[in-house]
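The sequence and the structure are shown first.

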Amino acid sequence: MDAETGDARSPLLPHHLPSQTQVSSANQHYNKPFSWKAPAIILAFEFLESIAYSGIALNLVVYLGTVLHGTTASNAATVDAWNGATFLTPVLGAFLADTYWGKYKTAAISIIFYVVGLLIITASAVIPSLRPATCEGGSCPPATGFQYFVLFGSLYLISIGTGGVKSALLPLGADQYNDANLEESKNKQLFFSWFFMAVNLGVFISGTVLVWIQQNVAWSLGFGISSICLVIAAVAFLVGTPLYRVQLPNGSPLKSIVMVFVASFKKRRVVLPVDSTLLFQGDDAESSSIVPNKLEHTDEFRCLDKASVVEDQEMKDRDRTWLLCTVTQVEEVKILIRMLPIWFTCVFYSAAMSQTATTFVQQGNAMNTKIGSFSVPAASMNSAEVIFMLIWVVFQDSIVIPIARRYTGNPMGLTLLQRMGVGRLLAIPSLAAAALVETWRLRSVRAGHNLSIGWQLPQFVILACSDVFCGIAQLEFFYAEAPASMRSLCSAFQFLAMSLAYYVNTLVVSLVAAVTTAWGGQGWLPADLNDGHLDYYFWLWTGISVVNYVVYTAFARRYTVKKVVLQ
């Protein structure tokens, strides 16, 4: 009998596997009857949170330029660095959710940081002493160190808050559905699509309403509306607490990964059996809710299989935690290794997509923003992308998928990997279109007139199609392919890719600025884009996207999809 849990253990079962008592505790949240109100509240929260976050992020590069009087290159680098931090924090949030706090508590605590950050940035836009004076003539006083401190302090509080929410909210929503129930399992797939649309509808509203208010009424009012949206979302989230199915944390999944590597290293001289069924499978009775199904053995990375070889000495040892792992544990590590190259290409794809928050906005600001008598904020073009996304979703579901089903015989039409590949491919013509428009714009300026911002639509239309194919597919891929014990952590991989993407952008912008001004010229990205070559910068990213697509295709063709052994 185990001293702590009082359960009898199988003589062949390593003590790091969960006991039946622990399994029962982990499964208690499914005893609560399903309520559609729980996922509905989570979707509503995400919608309002998306408005709040996008109300800051979409127009931040403009705020830094017009209010804090920063330069073009420094503003783009600052926004990329902040976005990088914002999408890095979900990894920490996912670790806390899986190991210590659980998803619900992680989201609830993160909301506090989020609200405080939004209130501070709103105050910085309201209080005159917290921002530099307006430009007079050609003189624009720079922001003081304290003013930057207040702004960046608020921004990074927002990063902490939104990071915790992003890491916990999607898995918490998915937890509301029991995979053992066929109807709930089907509805979970719809939840992913609705979650994706909630995010983008929030972006749409921010890109149209809030961005216009910020640039035509007052920045303080725009930031204030963001704060109000999050406060309403937070209240609704807390009110819905009794409805949620909440899983308790089950310990760090990282420990299992380390154990596989340690055990396989200790047994590096062990000879693997020809018959893989002789490897240690574990005990069906001790299967946890986190790993409801065993994984099939694969022949890749065979050196790790040594962690599952049962030796005579292990039959006698009481504590075999770092000597013997199950096949499922080993296969979970193999999945992570297989996912890494796919994830790596997500970084460069996200870097290309993130141009919409920086260089696309800067390009739009340099164009004629008047359409008739209405002035279109450049950041509002992101909302046009959302409209086209809705159109592309209908087109994909009604035309693309049925045709794909006919030719592939796959009920899904296209696999998740194929959809992600299409998305990466479409990023190439989008960036090429941006480069061509910029070349045309520069020629127009030299000819004495300015190009209409409406000519940016093609690059946003193509990018919207790319996002439809890739956005939902990546959410599903990292959740579905992830080991069941690491779904929160693996769901955060996409945010980690986005984080690194912004840092890649920061690096590329800095290198381009340094190299192109090394000989005393204006460079590609001067304060006045009419004196630079933003088109060259877009061509650079077109080339990077081509290489990224080729690399992704090579790895995707060799990817082995996870298979479970149904019990």
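Which residues make the nonpolar surface patch of about 400 Å²? The patch is made by Ile112, Phe113, Val116, Ile120 and Ile160. The model is a predicted one. Helix α5, which spans residues 103–126, supplies the largest share of the nonpolar patch, namely four residues. Val116 lies in helix α5 and has a relative accessible area of 37%. Because a residue must have over 30% relative accessible area to belong to a patch, Val116 at 37% passes that cut-off.

**Overall architecture**

The protein chain contains 18 helices and four strands. It has 567 residues, of which 53% count as buried. Its accessible surface comes to about 24300 Å², and carbon and sulfur atoms account for 67% of that area. Among the contacts with a separation of 6 or more, 84% are between residues 24 or more positions apart.

**Nonpolar cores**

The largest nonpolar core holds 129 residues, and the members that touch the most other members are Tyr63, Phe237, Phe477 and Tyr537. Helix α11 (residues 327–353) gives the most to this core, with 13 residues. A second, separate core consists of six residues, including Val400, Ala404, Cys465 and Phe469.

Beyond its neighbours within four places in sequence, Phe237 is in contact with Ile41, Phe45, Tyr104, Ala107, Ala108, Ile111, Leu169, Leu172 and Tyr244.

**Individual residues**

| Residue | Relative accessibility | Class |
|---|---|---|
| Val116 | 37% | partly exposed |
| Phe301 | 34% | partly exposed |
| Glu438 | 0% | buried |

Is Glu438 buried or exposed? Glu438 counts as buried, because its relative accessibility is 0% and the class requires a value under 20%. Glu438 is found in helix α14, which covers residues 416–446. Its side chain makes a polar contact with the side chain of Arg441 at 2.8 Å. With neighbours within four places in sequence left aside, Glu438 is in contact with Gln363, Leu529, Leu534, Asp535 and Phe538.

Phe301 is placed in the loop between β1 (294–295) and α10 (312–316). Although Phe301 is not a glycine, it has a positive phi of about 50°. Phe301 counts as partly exposed, because its relative accessibility is 34% and that class lies between 20% and 50%.

Terms used: Residues numbered from 1 in each chain as written. Predicted model: local features only at pLDDT ≥ 70, side-chain atom pairs only at ≥ 80, totals over all residues. Heavy atoms only, no water. Patch = residues over 30% accessible without salt bridge, like charges linked within 9 Å, V, L, I, M, F, W, Y side chains within 5 Å. Areas by Shrake-Rupley, 256 points an atom, 1.4 Å probe, with all protein chains shown as cover. Salt bridge = Lys/Arg side-chain N within 4 Å of Asp/Glu carboxyl O. Helix = DSSP H or I, 4+ residues; strand = E, 2+ residues; numbered from the N terminus. Buried < 20%, exposed > 50% of the residue type's maximum accessible area, 1.4 Å probe, protein only. Polar contact = N/O pair within 3.5 Å; in protein donor to acceptor, adjacent residues only side chain to side chain. Contact = heavy atoms within 4.5 Å. Core = buried A, V, L, I, M, F, W, Y, C linked by side-chain atoms within 4.5 Å.
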